[in-house]
Amino acid sequence: MGERLTRREVVKGAAWLGAGAVLAGTGRLDALLAQAVQRLDESSSRLGWPSVTPLPPLDNHYPLMPMWKTELRQLAPNVYVYQQQGGTGLPNAGISNAGLFVGEDWSVALDALGFPLQTKAFLAAAKQATGGKPIAQLINTHHHGDHVAGNQFFLPAQILGHPYCRQEVLKAVPTTPKSWPKQEGVADGTEVRKLTPPGATFEDNLTYHIGGNVVEFHFAGPAHTWGDIIAYLPQHKILFAGDLAFFHLVPYAHNGYVTKWLEAIDKIMKMDVDSIIPGHGPVGGKKDLVEMAEYFRVLKVEAKKRYDAHMSAGQAAADIKMGKFDNWMGPERIVMNTVRLYDEFRGTLTPDLDMAGTKSAIEEYNSIKAGKKSA
Ligand SMILES: [Zn+2]
């Protein structure tokens with residue numbers, strides 16, 4: 001492990017790298033990459049499987065991603081995104097975004113973020129922007145912790161989601177500790193976890209007329225999960241895509257159905273949409289979604305070749321080079337994503353995590369990368 005830089009140094013270095021230059025193999029750059037980019041496997045922490053190590057290296061033929069900051073940003077009258085920071089060198093590709101739709105007397109929020117301090121910061125920003133209007137409803141795009149773990153801080157708001165989302169939140173909570181451990185940027189140590197699944201569910205569509213806006217919530221799964229909800233604002237051509245979209249981050253299919261996800265993206269591409277708010281990453285548009293889909297299309301082709309050649313998922317993940325996508329946050333997800341594709345190819349895919357398949361693929365990937373085993 002190289003010396004760990006402070007976040008400020010990393011941000012400074014990465015901002016310079018992200019200035020748009022294609023990375024040439026300069027000594028300065030290599031040195032910066034070697035030390036500045038602490039690439040952490042953030043995908044394993046909540047799920048109890050081993051870390052992917054070492055991570056796929058950066059590819060210096062391609063640019064690094066841009067940096068983006070945490071902010072509540074107005075997108076249209078009474079429509080806001082709460083975007084959380086990210087970029088090369090910043091840890092935690094699991095940091096997610098939220099939305100806010102403001103009405104005359106109350107607001108509707110989309111997603112609750114993943115940690116108490118994140119959620120409290122979002123709620124404080126929302127309060128300031130709306131002059132303290134209460135958030136009466138919260139809609140969860142899906143059940144993953146980085147979107148629902150903050151649910152409790154919205155109470156007494158009504159919480160809504162797809163029935164699958166409710167079912168999975170109810171399953172997941174008993175395995176977590178009772179209190180949030182104190183950690184900088186995560187929790188101040190006073191927050192007791194409270195089981196807070198959606199108390200109201202909808203299967204297909206739900207429309208709000210709020211603050212002069214039509215906000216349509218649609219079921220869009222199975223894709224990232226079997227309970228994905230997206231929010232569409234036809235008047236403004238804005239789509240909150242939840243985790244159907246990851247911009248400048250590797251999309252994570254550990255609970256997903258890649259082929260159906262690509263079909264859901266094709267449907268979005270036919271919608272009248274200008275702005276897309278991803279579950280993770282900065283606000284973008286259709287070109288960003290196409291680029292993300294390209295990751296899955298490339299990975300699916302590469303994984304299938306290796307599946308047909310009787311390589312295991314761990315061997316395949318260790319062997320595949322993703323080019324520009326290796327510079328995105330969350331490169332370790334190639335292992336989990338390959339496991340899901342193998343489950344598809346074999347016809348053994350289920351909505352649940354493939355715990356055994358993932359664990360053995362990570363172990364095999366790690367031992368190949370450590371030189372203990374050849375691919
Ligand atoms: Zn997710």
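**Entry 1**

At what angle do the axes of helix α7 and helix α9 cross? I began with this point, keeping in mind that the model is predicted. I found that the axes of α7 (residues 286-308) and α9 (residues 333-346) come within 10 Å and cross at roughly 65 degrees. I noted the crossing of α7 and α9 as right-handed. I then listed the residues that meet: L299, K300, A303, K304 and Y307 come from α7, and I334, N337, T338, L341, Y342 and F345 come from α9. I sorted the residues of this contact into seven nonpolar, two polar and two charged.

**Entry 1: helix α9 by itself**

I next looked up the span of α9. Its 14 residues reach 20 Å from the first C-alpha to the last, close to the 20 Å expected at 1.5 Å a residue. I also asked how many residues of α9 are buried. The count is eleven of 14, and I therefore recorded the helix as mostly covered, a residue being buried if 20 or more other C-beta atoms lie within 10 Å of its own. The buried residues of α9 are R333, I334, V335, M336, N337, T338, V339, R340, L341, Y342 and E344. I traced their packing to α6 (258-270), α7, α8 (313-319) and α10 (355-369). After α9 comes G347, and I noted that its phi is positive, near 80 degrees.

**Entry 2: residue N366**

I turned to α10, where N366 has its place. Is N366 buried, exposed or partly exposed? I recorded N366 as partly exposed, because it has 19 C-beta neighbours inside 10 Å. Setting aside neighbours within four places in sequence, I found N366 in contact with P50, V52 and T53. I also looked up the separation of N366 and G314: they are 52 residues apart in sequence, and their C-alpha atoms are 8.4 Å apart in space.

**Entry 3: the sheet of seven strands**

I then followed an open sheet of seven strands, in the order β1-β2-β3-β4-β5-β6-β7, and noted that the pairing is mixed. Its edge strands are β1 (71-76) and β7 (200-201), each of which pairs on one side only. I recalled that strands of a sheet pair through backbone hydrogen bonds, either parallel or antiparallel.

I examined β3 (residues 98-102) in this sheet and found five of its five residues buried. Which residues of β3 point one way, and which the other? I placed A98, L100 and V102 on one side and G99 and F101 on the other, and all are buried.

I checked the partners of β3 next. Strand β2 (residues 79-83) runs antiparallel to β3 and is joined to it by four bridges; V81 stands opposite G99. Strand β4 (residues 107-110) is likewise antiparallel to β3, again with four bridges, and the bridge partner of L100 there is A109. I noted that a hairpin of four residues joins β3 to β4.

Further along the sheet, I found β5 (residues 135-139) and β6 (residues 158-161) paired in the parallel sense over three bridges. The partner of I139 in β6 is L160.

I looked up the buried residues of α5 and found Y164, C165, R166, E168 and V169. I saw that they pack against α4 (145-148), β6 and β7. In the loop between α5 (163-172) and β7 I located T190. I recorded T190 as exposed, because it has 9 C-beta neighbours inside 10 Å. T190 and P116 lie 74 residues apart along the chain, and I noted 9.7 Å between their C-alpha atoms.

**Entry 4: the sheet of five strands**

I also followed an open sheet of five strands, ordered β8-β9-β10-β11-β12, with mixed pairing. The edge strands are β8 (205-210) and β12 (275-280), each pairing on one side only. I noted an average twist of 25 degrees from one strand to the next.

**Entry 5: the whole chain**

I closed with totals. The chain has ten helices and twelve strands. Of its 375 residues, 49% count as buried. Among contacts between residues at least 6 apart in sequence, I noted that 67% join residues at least 24 apart.

Note on methods:
Residues numbered from 1 in each chain as written. Predicted model: local features only at pLDDT ≥ 70, side-chain atom pairs only at ≥ 80, totals over all residues. Axes fitted to C-alpha atoms, helices over the stretch in contact; angles between N-to-C directions. Helix = DSSP H or I, 4+ residues; strand = E, 2+ residues; numbered from the N terminus. Left-handed = near helix turned anticlockwise from the far one by under 90°. Contact = placed C-beta atoms within 7 Å. Nonpolar A, V, L, I, M, F, W, Y, C, P; charged D, E, K, R; others polar. Expected span 1.5 Å × (residues − 1). Buried ≥ 20, exposed ≤ 12 C-beta atoms within 10 Å, placed from the backbone. Pairing = 2+ DSSP bridges.
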